[in-house]
Amino acid sequence: MPDLRVGETVQLLEISRAWLVDPVGEREGPGEIVVRDGILESVTWLQGDEAEGIGPGGVLVLPGFLDIHVHLREPGNEDAETVASGLAAAAHGGFTTVCAMPNTTPAADEPGVLARVAGAAAASGSPVELLAHGAVTVGRAGERLAALGELADAGAVGFSDDGSPVKSAVLLRNALLYAGMLGLPIVEHAEDATLTAGAEANEGLVATILGLKGWPAAAEVSAVERAIAILESVLADSPGARLHVTHLSTAGALDAVRRAKAAGLPVTCDVTPHHLGFTDEWVAGARRWAWEALDDAGAARDPWADGALVAHPYATACRVNPPLRGATDAAACLASLADGTADAVVTDHAPHTAVDKETEFGLAANGISGVEMAFGVLLAAVTAGRLPLARAVAALTVGPAAVLGARPGRRGAARGLVEGAPADLVVVDAGDRWRVTGDALLSRGKNTPLLGRELPGRILLTVAQGRVAYRDADA
Amino acid sequence: MNVSNAPTLPDVAWRQKHLLDVDVLSLAEIQLVMRTTDAMKEVLARPISKVPALRGTNVTILFYEASTRTRVSFEVAAKNLSADVVNIAASSSSVTKGESLVDTIRTVEALGADMIVMRHGTSGAPYLAAEVFAGSILNGGDGWHAHPSQALLDLYTMRAHLGDVRGKKVVILGDVLHSRVARSNVWSLTAAGADLWICGPTTILRGFDAWARRWAGGGAPGHAGFTVTSDVDAALRDADVVMALRLQRERMDAGLLPSLREYAARFGLTRERLAIAKPTALVMHPGPMNEGVEIAPDVAVLDRSVITEQVTNGVAVRMALLYLLAGGHPEAVTNA
């Protein structure tokens, strides 16, 4: 791929004999694309002899990914991540749009903070689109509603106190009522904090043996059920109210969303690559994929009995909120993508400094740096036959776009391979692998338990708004 | 060449650089610790109970939690082996100025430590220390997780009275949820093949019942299963050993127990309850005791109470562990 420099408009790019996935047209198969002067000029689906030998295990051309849940740490924690480093990392992960969470310092609870973040994105020169959620409450303190209307006017695409739940039920009710008037979702981090005070690892065998305080699934399940009940109660007064519950990690919470959707409630949800690919065994030192930790009956295996512990226990890179769960919950997260209960995959990209992670497990910050590894983890599930490729791509594109709502004029909202539109796409070599190392990651946050491991799916090129956002140096 | 009539035991090599938990020890290694402890007991019986085995070795005792029994036991053990002992209590160190654990370990190493005996309030902290320290870490207790020297001295004490513990009914009674002693004892006693029972109120058995169920069909390789119950009578029936665990007062505040009075009435080890066990049943407690709560004062002083013997054996076991970690061989103790 000559003459492709990061930041510049793609003059001419022709990719022949690739596997195309178009989640808008709900089509995948052999094809060719041509990008000229930043515009996706043609998409050609190949038939018959021309298609011979082209499969999903080779070069993939996909629409650019959308992540509606990342932490870019600016303003306030620029040593962990900046908008510029976060956008570069996003492009390396194939994302052409990311949506920043408001738990910065200060919190994005008024338009000035959003303007500062937007200014940093513009100054970075990255073609990756940056969206933002505003805070639900002032300072995320859970006491008074933030300036929701002003935040909406300034471009916020949703509201969240992520990092913690909206503290009181009455505030959650009022936020749903008010945000419904604005046509925006409340993005809820569902956790009953009374059940998780001091919690360190998923309640279960691993936490018991390691002597870590258990983090019960019920804390998430009950919070999701509460939020759904409150949503139902406000719809008569605020028909536009929408609830999105983020980073669900338990079968029970996903069941609650499944039931609410079946009842016609405006509820959406997402799951993360780490909750569907990793398990609490990783805290004990296992590193096998979640689907490899299930026995024939679908129950979680015992890593001690299996001799599956290969790394040191208590790796703080495995500490995250919600915690890595058991293999059955991880399987439920994966199944929720396949059956459509989960609308999106989000990375919950949470970069931290070495200082915040090189410490005792009980004192370490929660969070996994994930935006660069998300597609690799999903592709591992696809390769293992646990997830159709088309579902994985949809959960990174049209799924999250639908959560935000189709709003006319928003760039990249379509998330398809659309001829005549500015090119917004990712080129992946699904047959190649890459090693996750500190140097390979463009994020300042190196906090991932995947460090040192190979992932399938080398991302060769990311094009956003017709411009090169990332290209592999060797491609 | 050893030409005694004693049965020759398989010559097991000590493979461990650190001792962070007993989960990594095979039964053969545990038996090696027991044999080495025998030799140390013999040293302790001498008029001058000191050998030069660790001469020139710097043993730093780094305790982040208050402790008398364990800290002094390690200090005496190290001094009996002629080690140079440095004591660091975290409250009087730069830890209170915000120094990280990693920096503290590097500093202690730069000051010449060859081995660190470490006590920390956070589960897993010694694993972090072991990643940065060039020498050996001996876990002196971490959070709720592990207390390997305690479990090994408990096993040593049981064996001294019962011989092989295989098939013997051992009951751990009390607050296992917050107990590193209980967790390490699960590993050592299931490796030794004891019939282990764990008993307490359901609020503080949380997790252990699931662990026991998981191991019912065979646990980790080389480990037997164990039984968890809230039925004190069932647990104590015909027991060979009853080990009571300290109940901490703050557990009530956390809503885990209605009151100490109720706990003592339902789970306290009294003479009446002990009568359900075998007449010869050993009474153990890792200390410090809350007399009148988890153990009645008149039970603690019974002839078959081996609580003070646990303390004495603790020194010998810790000598053995320091000696093995320093690369010593059990048959060589007396000549060292």
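A residue counts as buried if 20 or more other C-beta atoms lie within 10 Å of its own, as exposed if 12 or fewer do, and as partly exposed in between, with C-beta atoms placed from the backbone. Helices (H or I, at least four residues) and strands (E, at least two) are DSSP runs, numbered from the N terminus.

1. Basis. This is a predicted model, in which local features need pLDDT of at least 70, side-chain atom pairs count only at pLDDT 80 or more, and totals for chains, interfaces and linings use all residues. Residues are numbered from 1 along each chain as its sequence is written, and chains are lettered from A and ligands numbered from 1 in the order in which they are written.

2. Helix H5 of chain B. H5(B) is mostly covered, with 11 of its 15 residues buried. The buried residues include B:Pro148, B:Leu152, B:Leu155 and B:Met158. The helix covers residues 148-162 and reaches 21 Å from its first C-alpha to its last, close to the 21 Å expected at 1.5 Å a residue. The expected span is 1.5 Å times one less than the number of residues. Just after H5(B), B:Gly163 takes a positive phi of about 70°.

3. Helix H6 of chain B. This helix (residues 180-192) has 13 residues and spans 18 Å between its first and last C-alpha, close to the expected 18 Å. Since 12 of the 13 residues of H6(B) are buried, the helix is largely enclosed by the rest of the structure. Among the buried residues are B:Arg180, B:Arg183, B:Asn185 and B:Trp187. The cover comes from both chains: it includes H6 of chain A, together with H1, S4, H5, strand S5 (169-173) and strand S6 (195-199) of chain B. B:Gly193 follows H6(B), and its phi is positive, near 85°.

4. Contact between the chains. Two residues are in contact if their C-beta atoms, placed from the backbone, lie within 7 Å. On that basis, 23 residues of chain A are in contact with 23 residues of chain B. On the chain A side, the elements that give two or more residues are helix H6 (205-210) and helix H11 (303-306). H6(A) gives the largest share, 5 residues. By class, this side has 11 nonpolar, 8 polar and 4 charged residues. Here Ala, Val, Leu, Ile, Met, Phe, Trp, Tyr, Cys and Pro count as nonpolar, Asp, Glu, Lys and Arg as charged, and the others, Gly among them, as polar.

5. Domains of chain B. The domain assignment gives domain 1 (22-147 + 314-335) and domain 2 (149-310). Such bounds come from an automatic or database domain assignment. The C-alpha centres of the two domains lie 26 Å apart. Their contact takes 21 residues from domain 1 and 20 residues from domain 2. On the domain 1 side, helix H1 (27-44), strand S4 (136-142) and helix H13 (307-325) of chain B are the elements that give two or more residues. H1(B) gives the largest share, 5 residues. This side divides into 9 nonpolar, 8 polar and 4 charged residues.

6. Sheet in chain A. An open sheet of 4 strands runs in the order S8-S11-S12-S13, with parallel pairing. Its edge strands are S8 (185-188) and S13 (344-345), each pairing on one side only. Strands pair if DSSP finds at least two bridges between them. S8(A) and S11 (residues 242-245) of chain A pair in the parallel sense over 4 bridges. A:Pro185 stands opposite A:Arg242 in S11(A).
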